[in-house]
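Hi there,

Here is the structure I promised to pass on. Have a look at it first, and then read on for my notes.

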Amino acid sequence: ERLVFSEPFAALDHIVIKGIADVALDTRVYNGHVTTGDALWGGLPTVVLPGVSMASRLSSSFHRPLPSGILTSRTASDYEDIAVALASNRGALQRRREEIERAKHRSPLFDTSTWVPRLERAFRML
């Protein structure tokens with residue numbers, strides 16, 4: 001009863017719409033990649049169950065630069081338990097969202113003023 005499905009919407013609304021969600025449930029076979037970054041920027045905690053391939057482990061790599069936003073599980077049961085526990089505890093959920101909001105401004109994940117020049121330098125070296 002708490003799952004919400006929508007029609008496609010404008011890209012700029014993608015981050016804003018996450019404000020109505022409690023928690024993002026990342027897919028295992030192919031993680032959210034940019035969608036996970038959008039969720040974190042929107043303050044949305046994301047539950048991840050990494051797989052074997054790079055595509056299924058990418059979202060868990062966001063844990064290091066923004067640990068408050070990524071909740072990495074080890075099993076399918078753990079994934080479900082984490083999601084239910086977080087969605088069921090409004091206080092813990094709010095505290096986590098507030099921590100994501102504070103941390104994202106200090107995180108190298110969103111520090112574009114630092115990594116863009118480095119990326120441009122790498123492109124020039126090619």
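Let me begin with Asp22, which counts as buried at 15% relative accessibility. Please keep in mind that this is a predicted model.

Asp22 has a salt-bridge partner in Arg90, with their closest N and O atoms 2.9 Å apart. Arg90 belongs to helix H4, whereas Asp22 sits in the loop between helix H1 (11-17) and S1, so the pair ties together parts that are 68 residues apart in sequence.

A search of the whole structure gives 4 salt bridges. Two of the others lie within H4. Glu101 and Lys104 meet at 3.1 Å, N to O, and they are 3 residues apart in that helix, about one turn. Here Lys104 counts as buried at 6% relative accessibility, while Glu101 is partly exposed at 36%. Glu99 pairs with Arg102, the closest N and O atoms being 2.9 Å apart; these two are partly exposed, Glu99 at 26% and Arg102 at 46%. A salt-bridge network links Glu99, Arg102 and Arg106.

Now for H4 as a whole. Its 15 residues reach 21 Å from first C-alpha to last, close to the 21 Å expected at 1.5 Å a residue. Leu93, Arg97, Ile100, Ala103 and Lys104 are its buried residues. They cover an arc of only 135° around the axis, which puts them on the same side of H4. Their cover includes helix H2 (34-41) and H3.

In the loop between S1 and H2, His33 has a positive phi of about 50° although it is not a glycine. Most residues other than glycine have a negative phi. His33 is also buried, with a relative accessible area of 16%.

Finally, Trp115, Val116, Leu119, Phe123 and Leu126 form a nonpolar surface patch, with about 530 Å² of accessible area together. Phe123, in helix H5 (residues 112-125), is exposed, at 53% relative accessible area.

Methods: Residues are numbered from 1 along each chain as its sequence is written. This is a predicted model: local features need pLDDT of at least 70, side-chain atom pairs count only at pLDDT 80 or more; totals for chains, interfaces and linings use all residues. Side-chain values use heavy atoms; hydrogens and water are left out. Patches are made of residues with over 30% relative accessible area and no salt bridge: like charges are joined within 9 Å, nonpolar side chains (Val, Leu, Ile, Met, Phe, Trp, Tyr) within 5 Å. Accessible areas come from the Shrake-Rupley method with a 1.4 Å probe; for residues, only the protein chains shown count as cover. A salt bridge is a side-chain nitrogen of Lys or Arg within 4 Å of a carboxyl oxygen of Asp or Glu. Helices (H or I, at least four residues) and strands (E, at least two) are DSSP runs, numbered from the N terminus. Buried means under 20% relative accessible area, exposed over 50%, partly exposed in between (1.4 Å probe, protein chains only). The expected span of a helix is 1.5 Å times one less than its number of residues. The arc is that of the directions from the helix axis to the C-beta atoms. Contact means heavy atoms within 4.5 Å.
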